Amino acid sequence: RGRWSLNGMTALVTGGTRGIGHAIVEELCGLGSIVHTCSRNESELNDRLQEWKLKGFQVTGSVCDASSSTDREKLIETVSSLFNSKLNILVNNVGTNIRKPTVEYSSQEFSTLIATNLESTYHLCQLAHPLLKVSGMGSIVFISSVAGVVAISSGTVYAASKGAINQITKNLACEWAKDNIRSNCVAPWYIKTSLVEKLLDDKEFVERVVTRTPLRRVGEPKEVSALVAFLCLPASSYITGQIISVDGGMTVNGFY
Ligand code: NDP
C-alpha cells in the first residue's frame, strides 16, 4: 500500500448523502477505500448507493439517526460485521444547526443540537474504538466548524458543540496514540451545501461573508473532502491532534 493510497482500507462516514459527507465518501472511494455511510432518509440513501455503484465505488449504507443511541449501536454492529471487526477510518461528519440569538434557545433546541453534533460524535468514537484499534492503523477525522474556533453569528449552541469537538480531537490524539489511532479535525467556513443553502441565497449575507474572506468566495464540499482524505492517508502518519480550518483565510484575517 502506497503513502498516497487508501487501497484496502475501510471507512465509516456519517451523513454521506449530501454536502460535505457526500464529497468525503467519493474522495475516500477514489483513493481506494471501502466505505460505509448513513443518513436518515432511506430513499435518498438508496439513490446515492445506486449512483456510487455505477461509478464503481464500493459503498454500503444504513438508515440511522446519529442522534439516537440505539441507532448508533446498530450502525457500529453493522460496520463491525461488514468489515470483520476492523475499521481504519471514522469520519464524524453529521451535524446540524438552529440559528438564533442566545436568549431564544429552548432547552429542547439545546438538547437536539448537543445530541446531534456532540453526543453522537463522542459515542461513535467510544463504539468504534475497538474496531479502530484492531485495524492496527486508525484515523478519526471530525468535522467541526470555524464557529468552534472564533466567534461568528452561527448561534452559540452550535459553536459550543463544535468547540467541544475541537477539544475531543486533542484528548483522543493523546489517549489513543498508544493504539495507533490518530485524531484530527477539519473546521470549515461557509461551504455550498443544503445546510446553508437558504443563507447563501441571501446576496447581502454572502457579500458580508466574502468581505471577511481573503479568498473572496465561499467553499465547495470537495475543498473540505480533500483535506479529510489527506488526514486519513499514510502520508499524514505523523499528524495528530490538529484542528485545521478550510476557510479561505477567514480565521487569520485580522485587519488587512
Ligand atoms: P448537510 O445538511 O448538507 O448534509 C448533512 C448530511 O448528514 C446529510 O447526508 C444528512 O442526511 C445527514 N444527517 C443529518 N443529520 C443526521 C442525523 N441525525 N443522522 C444521520 N444523518 C444525518 O450538511 P453539510 O454537509 O453542510 O455539513 C456537514 C458537516 O459540516 C456538519 O457537521 C456541519 O456542522 C459542518 N459544517 C458545515 C459548514 C457549511 O457551511 N456547510 C460549515 C462548517 C461546518 P439526512 O438529513 O437524510 O439524515
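A molecule is taken to sit in a pocket if more than half of its atoms lie within 2 Å of the grid points of that pocket. By this criterion, in the predicted model described here, the ligand sits in the largest pocket. Two elements give two or more residues to the shell around the ligand, namely helix 1, which covers residues 19-30, and helix 5, which covers residues 156-175.

The ligand is surrounded by 29 residues, of which the closest are Thr17, Arg40, Tyr158, Thr193 and Ser194. When the shell is divided by class, twelve of its residues are nonpolar and twelve are polar, while five are charged.

For asparagine 93, a polar backbone atom is found 2.8 Å from a ligand oxygen, whereas the corresponding distance for leucine 195, between a backbone N or O atom and an oxygen atom of the ligand, is 3.3 Å. Glycine 95 likewise has a polar backbone atom at 3.5 Å from an oxygen atom of the ligand.

With regard to the overall fold, the chain contains eight helices and seven strands. Its radius of gyration is 18 Å, which is close to the 18 Å given by the globule rule for 256 residues, and the chain is therefore as compact as a globular protein of that length. The C-alpha trace of the chain spans about 50 × 40 × 40 Å along its principal axes.

Note on methods: Residues are numbered from 1 along each chain as its sequence is written. This is a predicted model: local features need pLDDT of at least 70, side-chain atom pairs count only at pLDDT 80 or more; totals for chains, interfaces and linings use all residues. Side-chain values use heavy atoms; hydrogens and water are left out. A residue is near a molecule or strand if one of its heavy atoms lies within 4 Å of it. A polar contact is a pair of N or O atoms within 3.5 Å; within protein, one must be able to donate a hydrogen and the other to accept it, and residues adjacent in sequence count only if both atoms are side-chain atoms. On a 1 Å grid over the protein atoms alone, a cavity is a set of points where a 1.4 Å probe fits but cannot get out, and a pocket is an open set with protein on both sides within 12 Å along at least five of seven lines; lining residues have an atom within 4 Å of a point. Helices (H or I, at least four residues) and strands (E, at least two) are DSSP runs, numbered from the N terminus. Ala, Val, Leu, Ile, Met, Phe, Trp, Tyr, Cys and Pro count as nonpolar, Asp, Glu, Lys and Arg as charged, and the others, Gly among them, as polar. The radius of gyration is taken over C-alpha atoms; the globule rule is 2.2 Å times the number of residues to the power 0.38.
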